[in-house]
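Have the structure open and follow along.

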Amino acid sequence: MVFLNLLTFGLWGKLGRLTHYAVDAVLISTILAGMRRSTGLTFNTERVTVGGDKEANKWIDKYLGVGEWVMDQSVAIAGSSGWFHRTR
């Protein structure tokens, strides 16, 4: 195992860490999507300024869209399973 780690320059550990951060980012985006759906509170992307560039707002909207997609898929899967039922 040490030889494989030396051969890949420790990339497996870095890949695992990157995957962990990506999953955490998706979970945060999904939590924000759930907040928007349950309370109506939305993240104000206009307040975010990165060097006065509007491109950052587009990336934030895409990031939040990933959370919306994950929320949609989670609700669809939970709704089609027998483990959950709708109460309203």
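Start with Glu 68, which counts as buried because its relative accessibility is 17%. The cut-offs are simple: buried means under 20% relative accessible area, exposed means over 50%, and partly exposed is what lies in between (1.4 Å probe, protein chains only). Before going on, bear in mind that this is a predicted model, where local features need pLDDT of at least 70 and side-chain atom pairs count only at pLDDT 80 or more, while totals for chains, interfaces and linings use all residues. Residues are numbered from 1 along each chain as its sequence is written, and side-chain values use heavy atoms, with hydrogens and water left out.

So what does Glu 68 pair with? One partner is Arg 37, in a salt bridge whose closest N and O atoms are 3.1 Å apart. That pair links distant parts of the chain, with Glu 68 in helix α3 and Arg 37 in helix α2, 31 residues apart. A salt bridge here is a side-chain nitrogen of Lys or Arg within 4 Å of a carboxyl oxygen of Asp or Glu, and helices are DSSP runs (H or I, at least four residues), just as strands are (E, at least two), numbered from the N terminus. Glu 68 also forms a salt bridge with Arg 36, and there the closest N and O atoms are 2.8 Å apart. Arg 36 sits in helix α2 and Glu 68 in helix α3, so this pair ties together parts that are 32 residues apart in sequence. Side chains of opposite charge can pair when their charged atoms come close.

Now look at Arg 37 again. Its side chain meets that of Asp 72 in a salt bridge, at 2.3 Å from N to O. Here too distant parts of the chain are linked: Asp 72 is in helix α3 and Arg 37 in helix α2, 35 residues apart. The structure holds three salt bridges, and Arg 36, Arg 37, Glu 68 and Asp 72 are linked in a network of them. As for cover, Arg 36 counts as partly exposed because its relative accessibility is 37%. Arg 37 is partly exposed at 38%, and Asp 72 is partly exposed at 37%.

Finally, turn to Leu 41, in the loop between α2 (11–39) and α3 (55–80). Leu 41 counts as exposed because its relative accessibility is 53%.
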